[in-house]
Amino acid sequence: MWKSGWSEDKKKFCCQSESVGCDESPTDIDVDCDAGYDQWEAGWSEEKKKACCNLENKGCNFDCAAGQDMWKTGWSEDKKKFCCQSGSVGCDESLTDIDVDCDAGYDLWEAGWSEQKKKLCCDTVGKGCTFDCEAGYSMWAAGWSDGKKQYCCKTEHKGCKEPRGDGSGAMVMTLSLVFGILFCCIALLIACLGFGLFNYLRDKFNSLSQRTTVDPKQGQHKAVSEWIFKPSDGNAIVTLEGPSVDSPDTGNRLEPREVFQVSEERAPEVEDKFEDVEGGMTMEEVDDVNRHFLKLADGRGWVLDREAGHEMCYRLGEPVDERWIYDPENGKPMGIREEPALDGEQTGEVIRPGDRFEVSEILLADGEVLALRLMDDRGWVFDEISDGSIVCRRLLDETWVYEPENGAPIGIRSGPDVYGEKTGHKLHAEETFQVEEIEVGDDGTLFLKLEDGRGWLFDKHPELGNMCRRVT
């Protein structure tokens, strides 16, 4: 008898606190429709459901089976939203703003969802889509969407990228693909090896064809090759009339960074270049061991390719086997390029200060810069950088022996100085060592930089006499 027996204050109190005694149309009752909303269906009284449904459209109970055949015109918008959200019934095809949970029941959507929910979820999130797998089947590969292909392949085995069945067809296709890839890889490997061998044989043939031995004893060759004169001191030289340091000069000059053609190469005509000279060798004899005379094809005369402690000429475009060192003043690494161009794409690898490397070919980059091809096929580096600084130097590969007149060991120096600081390393009599650089002192002393990085020695001492002798 709460409707007639309770006062309005009691109705409001009990409706708010216990959800009892709520008027069906309590528009002025302050009902808390957020309290317990997560379990409103079981926890709210019918009175609170009606009140909150009227006030805030929460807790509304609709009979979604009643009037379903006339839902489009007979149901209110609230009932359509409620039934669409809760039972997937009454979903308007144009209701894109309804918050339908397309994940709920998705594992059984084909049987559990209504057509309206399938349509809505297909249009909004691509779930619950149904397709006519007969329509356009003749052009399924190009005409169907990926969603239709997946649906029809799953439901009717149509539009599948691979034939479906007992798995044997897919297995055959997989094996065929694997063997096809394997065959292509083997063929590519054979082609690469064959191409590399072809290039190697071609380079050797070209090298041999360009050099015809005339006198094996004197090492005389006839050749037509391209060189560049790039002296380490940056000075021009005067050509000689013949292949000898004693030959008169012609008066013709070879300018720094000049590219020239060579018609003949000749080793020095020094019969006694390996003979002892008072227990050692003269500077000129050391020169003769390591240098070659080059005859300019234009008739200007002869030049030397190198001198002791002084690199001058470099062969271009032909196979070489040379050791170089990266020694920049700025101390920065250099990126290796994929091609012989200063602005070429980098390989991702670098050479660092102090790195020594083998060079198999030299080309010109940007006119006068030497592009050095790394023998290990990592790419290309350069002898100078954009500001003109020389950063790479060619090294020697010579064997020397320590033969002091007094037979005592010698302390290796930290620099090219007879009286320089010692590194703590020693060399004993008759011990051989490799030399990668030679510097000539003011008095003609040859300072020898050891290849293993231990420091410097010298060929003679002003007080102790001859110290070191070149072997090969």
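1. Start with Asp298 and Arg300, which form a salt bridge in this predicted model. Their closest N and O atoms are 2.7 Å apart. For the term itself: a salt bridge here is a side-chain nitrogen of Lys or Arg within 4 Å of a carboxyl oxygen of Asp or Glu. Arg300 is buried, at 18% relative accessible area. Buried means under 20% relative accessible area, exposed means over 50%, and partly exposed is in between (1.4 Å probe, protein chains only).

2. A word on the ground rules. Residues are numbered from 1 along each chain as its sequence is written, and side-chain values use heavy atoms, with hydrogens and water left out. Because the model is predicted, local features need pLDDT of at least 70 and side-chain atom pairs count only at pLDDT 80 or more, while totals for chains, interfaces and linings use all residues.

3. How many salt bridges does the structure hold? The count is 28. As background, side chains of opposite charge can pair when their charged atoms come close. Another pair to look at is Asp452 with Arg454, where the closest N and O atoms are 2.6 Å apart. Asp452 is partly exposed, with a relative accessible area of 48%.

4. Arg378 and Glu349 also meet through their side chains in a salt bridge, at 4.0 Å from N to O. This pair links distant parts of the chain, 29 residues apart: Arg378 sits in the loop between β15 (369–374) and β16 (380–382), and Glu349 in strand β13 (residues 346–351). Helices (H or I, at least four residues) and strands (E, at least two) are DSSP runs, numbered from the N terminus. Arg378 is partly exposed at 28% relative accessibility, and Glu349 is partly exposed too, at 36%.

5. The loop between β15 and β16 also holds Asp377. Asp377 is exposed, with 62% relative accessibility. Have a look at its backbone: phi is positive, about 65°, although Asp377 is not a glycine. Most residues other than glycine have a negative phi.

6. Arg257 lies in the loop between β4 (249–254) and β5 (258–266), and it is partly exposed at 28% relative accessibility. Arg257 has a positive phi as well, near 70°, and is not a glycine.

7. Is Arg394 buried or exposed? Arg394, in strand β17 (residues 392–395), is buried at 8% relative accessibility. Its side chain makes a polar contact of 2.7 Å with the side chain of Glu311. A polar contact is a pair of N or O atoms within 3.5 Å; within protein, one must be able to donate a hydrogen and the other to accept it, and residues adjacent in sequence count only if both atoms are side-chain atoms. A polar atom of the Arg394 side chain also lies 3.0 Å from the backbone oxygen of Cys313. Leaving aside residues up to four places away in sequence, Arg394 touches several others, including Asp305, Tyr314, Glu322 and Trp324 (contact means heavy atoms within 4.5 Å).

8. Last, helix α4 (residues 46–56). Lys48, Lys49, Ala51, Cys52 and Cys53 are buried there, and the buried residues of α4 pack against α3 (40–43). Ser45 caps the N-terminal end of α4, with a side-chain oxygen 3.2 Å from the backbone nitrogen of Lys48.
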